[in-house]
Amino acid sequence: MKVVVITGMSGAGKTTALHALEDAGFLAADNVPARLWPALVAEVDGAGIAELAIGIDVRGEPFVGDAPAALDEIKASGHEVFVVFLDARDDTLVKRFAHTRRTHPLDAGSLSEELGREREVLNPVRQRADLLLDTTLLTARDLRQRIQRLTGDEHFQLRLLSFGYKRGIPTDVDAILDVRGLKNPYYDDRLRSLPGTDARVQAYVMEDGGFDRYVPLRDMARGLTQAAQTAGRASYTVAIGCTGGQHRSVAIAERLAHDLVDVFAVQVHHRDVAEALKEHSQPEDEDDA
């Protein structure tokens with residue numbers, strides 16, 4: 001099991017770093033008392049979860065001193081542990097607090113005094129850091145990418161979702177491609193009962209100018225996804241819709257996955273194909289797929 005501990009100065013980016021790890025697939029737990037870490041790791045490991053991120057900062061001052069022993073116990077149990085300490089220049093931290101209008105967790109009066117006290121409190125875990133990362137010159141996007149890269153979990157995923165319009169338009173997607181204008185296998189008796197994952201259906205959809213219509217869709221999906229990746233997104237979802245969700249949308253989603261897998265990590269889900277296959281023998285007033 002991989003355990004990443006994120007700690008550091010208030011305003012240095014701990015929350016951003018934890019969110020980056022969550023987007024990379026980690027289960028995240030913030031400010032759990034250090035003495036409970038070994039039990040937490042055992043519980044999460046027992047649930048079959050392979051990656052855990054733990055955040056700790058000065059808000060957990062009474063427990064920071066327990067961190068070194070907890071880290072040793074976790075390592076002795078055979079788990080991989082990576083500790084990241086985030087820091088920044090004091091003047092940068094002061095500006096960040098002023099920008100967000102937050103108060104320092106120690107609330108001791110002078111912000112400079114509070115930062116000095118915080119460094120003392122966090123020193124035990126700082127001494128155990130595998131990485132000391134200065135975020136003074138980093139944007140939130142830079143920090144996200146740095147954290148994911150350094151922990152070996154930098155990835156971006158393109159999610160492709162096929163669906164049928166008559167079963168409802170998905171709302172949790174970033175872009176929708178309408179492929180109802182492509183040649184419909186539903187009207188070919190040999191293909192009506194087959195899903196769009198079948199090579200014969202895919203070939204039929206691409207006939208009679210289908211490929212020429214497909215190319216702009218592919219280029220649009222690639223361009224939108226690349227823009228999202230450049231913007232620091234962890235994933236981007238493109239939905240492909242036909243009428244019933246059995247033939248054309250499935251075939252195009254499969255073709256997009258084939259054509260874009262060399263550019264992105266691709267995940268494909270066919271939302272409505274199972275339901276559509278149950279209905280393929282029933283007459284419809286409009287296109288069924």
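Let's start at the surface: Arg190 is exposed, with a relative accessibility of 65%. In this predicted model, the side chain of Arg190 meets that of Asp188 in a salt bridge, with N and O 2.7 Å apart. Asp188, in contrast, counts as buried, at 12% relative accessibility. Elsewhere, salt bridges with shared partners tie Lys14, Asp30, Asp57 and Arg59 into one network.

Why do such pairs form? Side chains of opposite charge can pair when their charged atoms come close. The whole structure holds 26 salt bridges, and here are some of them:

| Salt bridge | Closest N and O atoms |
|---|---|
| Asp23 and Arg144 | 2.8 Å |
| Glu120 and Arg117 | 3.6 Å |

Asp23 is partly exposed at 39% relative accessible area, while Arg144 is buried at 16%.

Glu120 and Arg117 sit in helix α6, and because they are three residues apart there, about one helical turn separates them. Glu120 is exposed at 56%, and Arg117 is partly exposed at 38%.

How do α9 and α10 cross? Their axes come within 11 Å and cross at roughly 60 degrees, so α9 is oblique to α10. The crossing is right-handed. On the α9 side, the contact is made by Phe211, Tyr214, Arg218, Ala221 and Arg222; α10 brings Ile252, Arg255, Leu256, Asp259 and Leu260. Sorted by class, six of these residues are nonpolar, four are charged and none is polar.

Conventions: Residues numbered from 1 in each chain as written. Predicted model: local features only at pLDDT ≥ 70, side-chain atom pairs only at ≥ 80, totals over all residues. Heavy atoms only, no water. Axes fitted to C-alpha atoms, helices over the stretch in contact; angles between N-to-C directions. Helix = DSSP H or I, 4+ residues; strand = E, 2+ residues; numbered from the N terminus. Parallel < 35°, antiparallel > 145°, perpendicular 65-115°, else oblique. Left-handed = near helix turned anticlockwise from the far one by under 90°. Contact = heavy atoms within 4.5 Å. Nonpolar A, V, L, I, M, F, W, Y, C, P; charged D, E, K, R; others polar. Salt bridge = Lys/Arg side-chain N within 4 Å of Asp/Glu carboxyl O. Buried < 20%, exposed > 50% of the residue type's maximum accessible area, 1.4 Å probe, protein only.
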